[in-house]
Amino acid sequence: MSAPKKALFNWSSGKDSALALHKILQNPDFKIECLLTSVNQQFQRISMHGVRVELLKAQAKSIGLPLKILEIPEMPTMEVYENVMTKTLTELKEQGITHSVFGDIFLEDLRKYREDQLAKIGFEGIFPIWKIPTQDLIQEFIATGFKTIVVCVNERYLDKSFVGRIIDQDFINDLPDNVDVCGENGEFHTFTFDGPIFSEPIHFEIGEIVYRKYEKPKTEDSSNIACDTNSSDAFDFGFWYCDLI
């Protein structure tokens with residue numbers, strides 16, 4: 001029997017990451033060596049999710065995996081993002097890591113972009129929850145015992161009342177028909193604070209709810225992928241954030 005392949009996990013702190021990590025940890029073909037997370041260099045918060053680094057570190061500690069933080073500017077160009085990512089992955093490759101795991105579900109262009117970039121460095125992408133219907137995923141997520149709170153919503157899809165809510169059956173029932181139940185199109189982002197991958201729940205308090213509007217990128221270089229959001233036109237709209245303390 002061959003030794004498991006060494007892999008890193010691209011950790012966003014949210015529900016899709018949590019479920020994908022749960023699945024890959026049960027796969028004997030892979031050994032997760034570390035979590036990799038993009039963080040806004042200026043504000044020290046997880047890119048797009050707006051979650052404080054302190055809570056990210058608490059997640060990693062409870063999961064029991066080393067955390068590698070990728071610091072990027074608030075509005076990076078693709079060139080800046082790719083240079084930072086390439087440098088980081090090259091360093092990890094020297095440690096014998098050959099695979100990169102993601103919680104993507106159905107965005108074909110995003111997966112192709114990831115795989116193309118990884119191939120340049122000699123990495124292979126792994127997608128444990130790819131093409132599983134999102135209705136099934138969210139029900140599995142809840143049934144498995146995970147708990148997650150909505151920390152960011154895109155105002156194009158959802159109003160302020162959805163931010164700060166725990167995802168449960170009521171939340172799912174309240175979602176408009178045009179919103180994916182997993183927020184795979186960038187409709188909302190989450191912070192997962194309890195579940196089978198954690199040795200103990202992550203403790204936090206709900207702080208203020210704030211509104212932020214981003215300028216639409218002026219060039220094609222400033223892409224949604226660099227900012228780790230899933231919606232290509234996300235910057236046409238503002239976002240409601242729920243601060244967790």
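Buried here means under 20% relative accessible area, exposed means over 50%, and partly exposed is in between, using a 1.4 Å probe and protein chains only. Helices (H or I, at least four residues) and strands (E, at least two) are DSSP runs, numbered from the N terminus. The model is predicted: local features need pLDDT of at least 70, side-chain atom pairs count only at pLDDT 80 or more, and totals for chains, interfaces and linings use all residues. Residues are numbered from 1 along each chain as its sequence is written, and side-chain values use heavy atoms, with hydrogens and water left out.

**View 1**
The buried residues of α1 are K15, D16, S17, A18, L19, A20, L21, H22 and I24. That makes nine of its eleven residues, so α1 is largely enclosed by the rest of the structure. In the loop between β1 (5-10) and α1 sits S13. S13 isn't a glycine, yet it has a positive phi of about 90 degrees. With 0% relative accessibility, S13 counts as buried.

**View 1. Helix α5 and its buried face.**
Helix α5 covers residues 134-143, and T134, L137, I138 and F141 are buried in it. Look down the axis of α5 and these buried residues fall within an arc of 95 degrees, so they line one face of the helix; the arc is that of the directions from the helix axis to the C-beta atoms. What covers them? Among the covering elements are α1 (15-25), β7 (147-154), α6 (169-174) and β8 (188-194). Just after α5 comes G145, with a positive phi of about 105 degrees.

Rolling a probe the size of a water molecule over the atoms shows where empty space is left. On a 1 Å grid over the protein atoms alone, a cavity is a set of points where a 1.4 Å probe fits but cannot get out, and lining residues have an atom within 4 Å of a point. Grid points are joined across faces, edges and corners, and a volume is the space filled by probe spheres set on the points. How many cavities of 30 Å³ or more does the whole structure hold? The search finds two. The second largest cavity, shown here, has a volume of about 40 Å³. Its lining is made of K15, D16, L19, I129, L137, I138, F141 and C182. The elements giving two or more residues to this lining are α1 and α5. By class, the lining has six nonpolar, no polar and two charged residues (Ala, Val, Leu, Ile, Met, Phe, Trp, Tyr, Cys and Pro count as nonpolar, Asp, Glu, Lys and Arg as charged, and the others, Gly among them, as polar).

**View 2. Strand β5, seen through V101 and H99.**
V101 lies in strand β5 (residues 99-101), and at 0% relative accessibility it counts as buried. Leaving aside neighbours within four places in sequence, V101 is in contact (heavy atoms within 4.5 Å) with A7, L8, F9, N10, I24, I32, I126 and P128. V101 and A20 are 81 residues apart in sequence and 8.3 Å apart in space, C-alpha to C-alpha. With the neighbours within four places set aside, the contacts of H99 are K5, K6, A7, L8, F30, F123, E124 and I126. The C-alpha atoms of H99 and I126, 27 residues apart along the chain, are separated by 6.9 Å.

V163 sits in the loop between β7 and α6, and its 5% relative accessibility counts as buried. Not counting residues up to four places away in sequence, V163 touches V150, V151, C152, V153, I209, W240, Y241 and C242. M48 is found in the loop between β3 (45-46) and α2 (53-63); it has a positive phi of about 70 degrees although it is not a glycine. L65 lies in the loop between α2 and β4 (67-72) and is buried, with a relative accessible area of 14%.

**View 3. How confident is the predictor?**
The protein averages a pLDDT of 92, and 91% of the residues score at least 70; pLDDT is the predictor's confidence in each residue, from 0 to 100. Over residues 218-234 the pLDDT is below 50, and this stretch has 44 contacts in the model beyond near neighbours in sequence.

How values were computed
On a 1 Å grid over the protein atoms alone, a cavity is a set of points where a 1.4 Å probe fits but cannot get out, and a pocket is an open set with protein on both sides within 12 Å along at least five of seven lines; lining residues have an atom within 4 Å of a point.
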